[in-house]
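Dear colleague,

My notes on what was found in it follow directly after.

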Amino acid sequence: METLLDLRPLFAILVSAAAAVAIAFTGRHPNLRETWSVLAAVVKFLLVASMAPGVLAGETYEVDLVQLAPGIELGLRVDAAGLLFALSASFLWILTSFYSMGYMRGLSEHKQTRFYAMLATCLSATIGLCFSANVLTFVVFYEILSVATYPLVIHAESEKAWRIGRQYLIYAITAGIALVGGTALIQQTAGTLDFAPGGFLDAGIGTGTLWVIFLCFFIGFGVKAGVMPLHSWLPNAMIAPTPVSALLHAVAVVKAGVFGFVRLVGYIFGPELLGDIGAATVLATFAAVTILLASCIALMKDDLKARLAYSTVGHLSYIVLGVALLVPHALLGAAFHMVTHAAMKITLFFCAGAIYVHTGKKKVSELDGIGRQMPVTLAAFGIGAVGLAGVPLVGGFVSKWYLAAGTVDAGALVFLGVLLLSGILNAAYLVPIVTRAFFRSSEAHPRFNEASLFMVIPISITAVLSLLLGTHPDGLFRFFSVAEAMVASVTGISFAGGGP
Amino acid sequence: MSQIPALIPGTLLFTAFAALFAGLIRVSWGYALTVLGIGTSFVISLMGVSAVLQEGELRYHLGGWQPPLGIEWVLDPLSAFMVTLITGIGFTVIVYAPRSIRFETPGKEGFFYPSIALLLAGLAGVSLTGDVFNLYIFIEIAALAAYALLAVGDRRAPVAVFRYLIFGAVGGGFYLLGVGFLYYSAGTLNMADLAERIPELYQSRSVIAAAVLMVTGLGLKMALFPMHLWLPDVYNFAPSVSAGLIAPIMTKVSAYAIVRLFLDVFHPSFFVETLPITTLVGWLAVGGILVGSILAIAQSDFRRMLAYSSVGQISYVALGIGLANPIGLIGGLLHIVNHALMKGCLFLIGGNVRLRTGLVEIPRFAGLGRAMPWTMVAFTVAALAMVGIPPTAGFFSKYYLLLGSVDAGNWIFFAVIIVSSLLSAIYFFRVLEMVYREAPESAEGEGGGSDGGGAHPGGEAPASMLVPVLALAVAILLVGIFNVVIVDRLLEPAVAPLAE
């Protein structure tokens, strides 16, 4: 293990913040404005990706900026867990930038400058919390992310949007304050806030205090991760433009909550302590209930984005469940599911948006026969759908495989049952959309007439990415190795390596 | 260098007189002198900070008379911190003042500027004096200037200020009575001498009575719950400039005086153990925070909302005193500067809005985000800071107060800080939402006046009013990110007596 001073994590955060400023000042020139967005996304991804080989080789990049509070630095450190999340978020931002051009221009949306600027700000905050070296730094970026998402949620500025915005704020601010309270408790009882693989809290703090800390963080992260009963803002937030739903409410923002749980279990409490006080079982139970309930609700939703939103709620809890099982295989499955779910779900949202822009259709029941009109989009949707259901050769299979293996390792066969049942439910609420689109005929849809290439190309890329993650989990950007490195650092157990 | 402590109030006092006479000849001369005088005192204060950091405490004896006979001036880390804040806010407001004063109180400019200088002279005197009797003199000088500045507001202002005058006079009377008791039993008025003699007299009834009277008197002046009743009307009906100057620093100086008594005159153990004054102040603060925040939610007048919010915010400072441990008191003291910047910024923003649109009612603020974009950027920053979103200044004082509550094991304080953040989120996001809504297309309901059409014809505020507001917004961010500089170098040494 080698620790190197490196400014790349800082630049990776700042590049999109700078882009947000540039976007705000060039709002009158749409092409220039969107150039900044794409440029920042590419630079950000390259910066993040350039650190991957080093992290895999066991190096840690870090930089301390200023003191946030006495003895607590605004510190950035790149480890495997942060890198995993940062890689997927920054890569998908590139695609979202292109997709947004097609979507926002296709609908002639208002206030596009604000949209692009806030999206860039959100990505800054997301990468910031990926690379946070301690809890306080994490909280700072987490709160910035909460606030920066608000203008995107209320984008439509209808009465309904304002109302949903208020609901979003109440959830987000409550979560943020709970986190701050928990952080204060940790700082005064443990004396440090630095994330450490395997955790830094010890049982000497007292079980009661540990439970209070856990509760604070459960609320803080549970809201963003959509753990029931803290989830209800998330389906409503789908009122935001689809690129936001796709990138933030399937990848960046919600995964920030899930990533928080990864940090909580792996780097604050440590699996052993969390298991000892019994909190892991509680977390796993909440996650399992969420998985089942969300899948059932998704089954009943006719609105395509609402169905996808509940599907997201369910899949986020897959990751939480994997983390809460505390065994290496489950942790590996959870980590990899962060990546595969991101790729698959963003594909589905992109498709939903493309269908809406191109045909104005929002409901599942209106999609009969649309496969003939938009075959590429619907084929991509099919890949994402079967992937989420856990069919082999798509990314979702690999992560679910390890999650299932983890439930067996942990001896918790109930959760294995939950995973299998939910897989069936997933198939039940997603696959019929594809079959109806291709196999039912309808007069409403003309022959081949695809959406704008700005949308179709990103959709194709994410669909192919979902496939590649299934066939070559380690082939692309070495996601699987990074996930393994993370599990190894937390549990001390390293796998043979090289993928399944 | 050693004259610095006396030089600051001296400069301001001289400025007040000179500006009065110059203003009688020509208003602009009076204004120029005031800007020059306050600017000079601000520069001297900054020099004072650097002198304290390099050479430690500076004491100056007026006319060469040694204490206990002579008057002593003390520049130590805490008073340097206060006086820099006072002159800094003063300078920002005086730059801002002319346009707003001419608009809101035409014909009174000539007396306005000298009163501002006189107020600052009084407050600087309170901060720097090393003598409990002189503290009374200066606090009354400041109060007299404040009565004048506040009473020139609208029609209802004189009555409100008359109430303030009665409260203030009673408070001053209590304090002076306490000083008399103290002099009677200890035989000196010099703070340093008192600190040496009082420990032998802890059981003396007159010392106990003195402490109670002095803290009650200052509590009245700082609007400590339930002695805050004078405040809302006063800030509500005052001219924007007066509110923007007085709300940030006036009540804080009384809080500062209590801290002085607590740390330097009576020994901390007296306030904590012999006579549980800090505990009482802490619980009153809890009441103030809750009542202030809840009533702020109920207001529709922007200025009145800010006034109730001030009641809540000054209670944070009192809560820091109530915690009586180093990190908690640091939080309280840091909140003095944080709240001064935030509330100053907010009241001046209110002035900008009033100048351009004449509006003070929050429900009619729709469309301001478009009409006055820069003012509203500043408002967004100040509002987020009031809620306590990192990395703005408001976050860190609350965080330190939370740390202090954990140290003290006081879970009710802990919960109150958390709940009050939620409450302030409610009343500030309500305004933010209104500001960024589109202005209604046609005149609805009330009105139909020039602004009834929804469009705000005035546009952005003039530069002389915009720049100070933006400067305060930037200061909110900078003080947040670099708060440790203030905490480590000025506040840690100040609270050292508590660590013993």
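This is a predicted model: local features need pLDDT of at least 70, side-chain atom pairs count only at pLDDT 80 or more; totals for chains, interfaces and linings use all residues.

Which residue is the bridge partner of Glu2(A) in S2(A)? The partner is Glu59(A). Residues are numbered from 1 along each chain as its sequence is written, chains are lettered from A and ligands numbered from 1 in the order in which they are written, and side-chain values use heavy atoms, with hydrogens and water left out.

The sheet of chain A

In chain A, 3 strands make up an open sheet with mixed pairing, in the order S1-S2-S3. Strands here are DSSP runs of E with at least two residues, helices are runs of H or I with at least four residues, and both are numbered from the N terminus; two strands pair if DSSP finds at least two bridges between them. The edges are held by S1 (2-5) and S3 (72-78) of chain A, each with a single partner strand, so one side of each has no neighbour in the sheet. On average, neighbouring strands of this sheet are turned by 35° against each other, direction ignored (the axes are lines fitted to C-alpha atoms, for helices over the stretch in contact, and angles run from 0 to 180 degrees between N-to-C directions).

S1(A) and S2(A) run parallel and are joined by 4 bridges. Strand S2 (residues 59-69) of chain A runs antiparallel to S3(A), with 6 bridges between them. Within this pairing, Glu62(A) has Arg77(A) of S3(A) as its bridge partner, and Val63(A) stands opposite Leu76(A) in S3(A). The hairpin of S2(A) and S3(A) has 2 residues between the strands, and Gly71(A) takes a positive phi near 85° in this hairpin.

The C-alpha atom of Gly71(A) is separated by 29 Å from that of Val253(A), the two residues being 182 apart along the chain. Val253(A) belongs to helix H10 (residues 242-269) of chain A. Its relative accessibility of 0% makes Val253(A) buried, where buried means under 20% relative accessible area, exposed over 50%, and partly exposed in between (1.4 Å probe, protein chains only).

Salt bridges

A salt bridge is taken as a side-chain nitrogen of Lys or Arg within 4 Å of a carboxyl oxygen of Asp or Glu. The count comes to 19 salt bridges over all chains. In one of them, Arg437(B) meets Glu159(A), with the closest N and O atoms 2.7 Å apart. Arg437(B) lies in the loop between helix H18 (411-435) and helix H19 (463-481) of chain B, and Glu159(A) in helix H7 (residues 159-190) of chain A, so the pair joins two chains. Arg437(B) is buried at 16% relative accessibility, whereas Glu159(A) is exposed at 52%.

A further salt bridge links Asp233(B) and Arg163(B) (3.6 Å, N to O). Asp233(B) is in helix H9 (residues 231-237) and Arg163(B) in helix H6 (residues 157-186) of chain B, so the pair ties together parts 70 residues apart in sequence. Arg163(B) is partly exposed, at 37% relative accessible area.

Arg260(B) also forms a salt bridge, with Asp264(B), at 2.3 Å between the closest N and O atoms. Both residues lie in helix H10 (residues 240-265) of chain B, 4 residues apart, about one turn of the helix. Arg260(B) is buried at 5% relative accessibility, and Asp264(B) is partly exposed at 26%. Elsewhere, salt bridges with shared partners join Glu159(A), Arg166(A), Glu433(B) and Arg437(B) into one network.

Helices and surface of chain B

H4(B) is mostly covered, with 18 of its 20 residues buried.

A nonpolar patch on the surface is formed by Phe17(B), Phe21(B), Leu24(B), Ile25(B), Trp29(B) and Phe111(B), with about 740 Å² of accessible area together. Patches are made of residues with over 30% relative accessible area and no salt bridge, with like charges joined within 9 Å and nonpolar side chains (Val, Leu, Ile, Met, Phe, Trp, Tyr) within 5 Å; accessible areas come from the Shrake-Rupley method with a 1.4 Å probe, and for residues only the protein chains shown count as cover. Helix H1 (residues 4-25) of chain B gives the most to this patch, with 4 residues. Phe17(B) is found in H1(B) and counts as exposed at 51% relative accessibility.

With kind regards
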